[in-house]
Amino acid sequence: MNISIQDLSHTYDALPAPIEALSSVSLQIPSGQFAALIGPSGCGKSTVLRLLAGLLKPNCGMIYLDDFPPPRAIAQKRVAWMAQSPALLPWKTARDNIELAQRVNPQPRRNSLSSDELLNLVDLADFADVYPFSLSGGMQQRVALARSLALNASVWLMDEPFASLDELTRESLAFEVIRLWHIFRVTVLWVTHNIYESVRLADRIMVMSPRPGHIHADIEVPLSRPRDETSTEFLAIVKQIRAALKAE
Amino acid sequence: MNRKRPSNSILALAIVAPALILWELIVRATQTPIYILPAPTQILSTLANNAGSYMQASLITLGEALFGLALGLMAGIGIALLLGLWPNLERGMMTLAILIKSTPMIAIAPLLTIWLGFGVLPKIIITGLMTFFPVLVNMLSGLQSANPAMLDTLHSWNANRGEVLRNVRIPCALPYLFAALKVSGPLALIGAVVAEWTGASGGLGRIMWLAYTNLNLPYLFAAVFLLAAAGMGFYGLIVQAEKKVVFWTPS
Ligand SMILES: Nc1ncnc2c1ncn2[C@@H]1O[C@H](COP(=O)(O)OP(=O)(O)OP(=O)(O)O)[C@@H](O)[C@H]1O
Ligand SMILES: [Mg+2]
C-alpha cells in the first residue's frame, strides 16, 4: 500500500493558544518500503502517524493510503498502528488480546494467521494464557506486535514502539520487525529518535524540522541487510542525518 | 494474601472488644439505668433470648436490602451504560438523578407505604433509590476515565461504540463500580431500615421502631448490633468479590 501525503498541516486546539504541530508536510512512500521518520522531540512525528491512523482529522492537506483516505483504509483494517505503550488489555490473556484484534470490526474475507501462529512468530508460544501483568515489558511489546500482525494490515505505523525498552531488547525486537517485514511485505513507517536505529532498519529516512514540523531532508539508505554499523557507508549516512538534524 | 485476612478480623476484634468492655464497665460503674443506656451483656442476652424473632426480622431486612441494592445497581449501571453510549444524554439524565438523590427518602418512604402497603415492595424501592446514585456516579466516571492508549488502539481498528464499551470502558469501570458498592452496600441496609421505620409488618426497622416507642433500649440496641454485623458482612463480601473480579489491579 502506498502512503501519499500532500501539504498536510495540523494545529491542535489547545489552551491557552492553539499549537501548530505540522506545517505543509508532503511525502510519498511506495508500497513495501521501510521508511523511517526522525526528528527532534515535539516536532510532530506522532501527529503524522495519528493522522495516518485516522485517530486525528487533519486541518488541511490530503492523505491517501493507496486511493483511500485514512477512515476508509481503517474501516477495512488495512492499517496497523502501534505506539510506545503496548496498551494490552490487562483483563485478557496474551492470546485473547491478539484475538480481540481479529474479533473487533471483523474482516472475514481477509484471513490472517491464528493467534497460536502469531504467538509463535514473536516467540511467545509458551505464554499464550498468561495475563499481561505477568509479562516483562519486552514480552508485552511482542504481544502488541503480534496483535498488530493479527490485523493482516498492509501498512504498519510504528511510533517509537520499543522506545521504553532497554537497548538490547530494543535491538532484538527491531530485527524481529525486519524479519516480519520480509515475511509480510508491508509498507512500514517507523518513527524514532535514534539515528543508528533508523539507519540500521530503514530503506529511507525522512528528517523532520522542529515544530511546526515539515520534512526537511529525505535520505536513501542504499545498504543491503544485515548492515554493518562500523562500515564507512553506514557511518556516512549517520553523519548525513546528524547534519540534517543540526541544520535547523 | 490469605494469611492477611485472619489478622484483619483479629485487628477488628482487638478494637471492638475493648470498646465493648469499656462500655460495660462504665454502665456498671455509673449505674446507668437500662432505659438510658443498656450494657452490652444485657443487649446480647436480649438478642439470645429472642433469637427466633430477630432471625426472622433480619432475614426480612437483609432480603429487602439485597433486592433494593440489586435494583439500585441495575438502574445505576444501566443509566451509566446508556450515557456511555450516548454522552449527549448526560446533562438531562444527571439532572434527573440529582433530583431523585436530593429528595429526602424519609419524606418519600411514608408515601410509598400509603400507596403500596406495609409489605416489602416500598422498602425495596426506597433502598433502590438510595443506592443507585453512588453506583451511577462512580460507574459513569469509570466509563469516562478509560485508559486512553487502549481506547486509541481500539479506535485504530475502527471499533464501534459497543465494541469499545464492552472491551475497554466497562472493564476499566469495574474498580469504580466496586468503590460504589462499598458505599451502596451498607447504605442498602440503612435504606431498608429507614423504610421499615415508617411502617412495616416485619423487619429489624419495625423491631427498632417498636422498641423505641416502648423505650425498650436493649431491644433497640440488639437490632443495631445485628445491623452493624450485617453491614460488616456486606462490606467483607464486596471486598472478596472485588479481589476475584478485578484480578488485574495490583492489590
Ligand atoms: N493532544 C494534543 N493537544 C495539544 N497539543 C498537542 C497534542 N498532542 C501533541 N501536541 C503538540 O503537538 C506538537 C507535536 O507533538 P507530537 O506528539 O506529534 O510530537 P513528536 O514528534 O511525536 O514528539 P516526541 O518525539 O517527543 O514523541 C507538540 O509540540 C505538542 O505540544
Ligand atoms: Mg511522539
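1. Basis. This is a predicted model, in which local features need pLDDT of at least 70, side-chain atom pairs count only at pLDDT 80 or more, and totals for chains, interfaces and linings use all residues. Residues are numbered from 1 along each chain as its sequence is written, chains are lettered from A and ligands numbered from 1 in the order in which they are written, and side-chain values use heavy atoms, without hydrogens and water.

2. Ligand shell. Ligand 1 is surrounded by 14 residues (near means that a heavy atom of the residue lies within 4 Å). The closest are Ser41(A), Gly42(A), Lys45(A), Ser46(A) and Thr47(A). By class, the shell holds 6 polar, 5 nonpolar and 3 charged residues. Here Ala, Val, Leu, Ile, Met, Phe, Trp, Tyr, Cys and Pro count as nonpolar, Asp, Glu, Lys and Arg as charged, and the others, Gly among them, as polar.

3. Ligand polar contacts. One lies 2.6 Å from a polar side-chain atom of Ser41(A).

4. Ligand cover. On its own, ligand 1 has 630 Å² of accessible area, and the protein covers 65% of that (Shrake-Rupley method, 1.4 Å probe). The largest share, 3 residues, comes from α1(A). Helices (H or I, at least four residues) and strands (E, at least two) are DSSP runs, numbered from the N terminus.

5. Interface size. Chain A brings 25 residues to the contact and chain B 17 residues (heavy atoms within 4.5 Å). The two chains bury about 1800 Å² between them, 71% of it on carbon and sulfur atoms. Buried area is the accessible area (1.4 Å probe) that two parts lose on being put together, summed over both. Trp81(A), Trp91(A) and Val104(A) supply 32% of the area that chain A buries against chain B, more than any other three residues.

6. Interface polar links. Between chain A and chain B there are 4 residue pairs in polar contact, both at pLDDT 80 or more. The salt-bridge count is 1: Arg50(A) with Asp152(B), closest N and O atoms 2.7 Å apart. A salt bridge is a side-chain nitrogen of Lys or Arg within 4 Å of a carboxyl oxygen of Asp or Glu.

7. Salt bridges overall. The whole structure has 12 salt bridges over all chains. In one of them, Asp129(A) meets Arg95(A) at 2.7 Å, N to O. That pair links distant parts of the chain, 34 residues apart: Asp129(A) sits in the loop between α4 (115-121) and α5 (137-149), Arg95(A) in helix α3.

8. Backbone points to check by eye. The Arg211(A) to Pro212(A) peptide bond is cis, omega near -10 degrees. Pro212(A) falls in the loop between β8 (204-208) and β9 (215-220). Arg225(A) and Pro226(A) are also joined by a cis bond, omega about -5 degrees. Ser24(A), in strand β2 of chain A, has phi near 55 degrees, a positive value in a residue other than glycine.

Definitions and conventions
Polar contact = N/O pair within 3.5 Å; in protein donor to acceptor, adjacent residues only side chain to side chain.
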